[in-house]
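User: I am new to this entry and would like to understand the words used to describe it. Could you show it and then take my questions one by one?

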Amino acid sequence: MHDLALEHEWDDGLMDVTPRCPKCMSPQLEARNLARRFGGAIGALAGTTSGVLLALGSTKSGVLKGSVGTLLCTAAGVVIEGIVGGATGCIAGSKLGSAIDRNVLHNQHCRACGHTFSDKTP
Ligand SMILES: [Zn+2]
């Protein structure tokens, strides 16, 4: 029930600001989100890498002790740190990327005439 209400509000909000192609006035636009996708991928990679490195660095003393339990804990910790780091990096990268999309790149692509333009609202 709650989800339905939210979805309805979301639709109403979109109806008011239907973006249109400045060239042919077609509402058939798609966001390219190039920088956002790229940023998300890079962010996830960087985050995962730094998360794993952090986990490896912080648990090195545990590994040296050599017990199987510690090794398992270390492996789990590395995986978790990697996932958390990747998710955080992905979010940060996506945010940065969408800012670039909005401000720098021509992010909107008109499916009717192929025109690309910036979706920065005046
Ligand atoms: Zn167009």
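Analyst: What follows goes through the terms one at a time and sets each value against its definition.

User: What kind of model is this, and how are its residues numbered?

Analyst: This is a predicted model, in which local features need pLDDT of at least 70 and side-chain atom pairs count only at pLDDT 80 or more, while totals for chains, interfaces and linings use all residues. Residues are numbered from 1 along each chain as its sequence is written, and side-chain values use heavy atoms, with hydrogens and water left out.

User: What makes up the secondary structure of the protein?

Analyst: The protein has four helices and three strands, where a helix is a DSSP run of H or I with at least four residues and a strand a DSSP run of E with at least two, both numbered from the N terminus. Read from the N terminus on, the elements follow the order α-β-α-α-α-β-β.

User: How do you know which strands pair, and which are the edge strands?

Analyst: Two strands pair if DSSP finds at least two bridges between them. His109 stands opposite Thr116 in E3. The three strands form an open sheet in the order E1-E2-E3, with antiparallel pairing; its edge strands are E1 (29–31) and E3 (116–117), each of which pairs on one side only.

User: Why is the site of the zinc ion called tetrahedral?

Analyst: The zinc ion is coordinated by the SG atoms of Cys21, Cys24, Cys110 and Cys113 at 2.3 Å, and a donor is an N, O or S atom within 2.8 Å of the metal (3.2 Å for Na, K and Ca), with the caution that water is not among the atoms, so sites may look incomplete. Four donors count as tetrahedral if all angles lie between 85 and 135 degrees; the angles among the four donor atoms here are 106 to 114°, and therefore the site meets the definition. The ideal angle for four tetrahedral donors is 109.5 degrees.

User: Where along the chain do the donors of the zinc ion lie?

Analyst: The donors follow the spacing C-x2-C-x85-C-x2-C along the chain. Distant parts of the chain are linked in this way, with Cys21 in the loop between helix H1 (2–16) and E1 and Cys113 in the loop between E2 and E3, 92 residues apart.

User: Why is Cys21 called buried, and what is Cys113 called?

Analyst: Buried means under 20% relative accessible area, exposed over 50%, and partly exposed in between, calculated with a 1.4 Å probe and protein chains only. Cys21 has 0% and is therefore buried, whereas Cys113, at 38%, falls in between and so is partly exposed. Over the protein, buried residues make up 22% of the 122 residues.

User: What is Ser26 in contact with?

Analyst: Contact means heavy atoms within 4.5 Å, and, leaving aside neighbours within four places in sequence, Ser26 is in contact with Pro19, Arg20, Cys21, Cys110 and Ala112. Pro27, not counting residues up to four places away in sequence, touches Thr18, Pro19 and Arg20.

User: What sets Met25 and Asn33 apart in their phi values?

Analyst: Most residues other than glycine have a negative phi. Phi of Met25 is near 65°, a positive value in a residue other than glycine, and phi of Asn33, in the loop between E1 and helix H2 (34–58), is near 50°, also positive.

User: Why is Leu96 called exposed, and what is Thr74 called?

Analyst: Leu96, found in helix H4, has a relative accessible area of 56% and is therefore exposed. Thr74, also found in helix H4 (residues 68–103), has 8% and so counts as buried.

Technical notes. Tetrahedral: all angles 85-135°; square planar, octahedral: opposite > 155°, others 65-115°.
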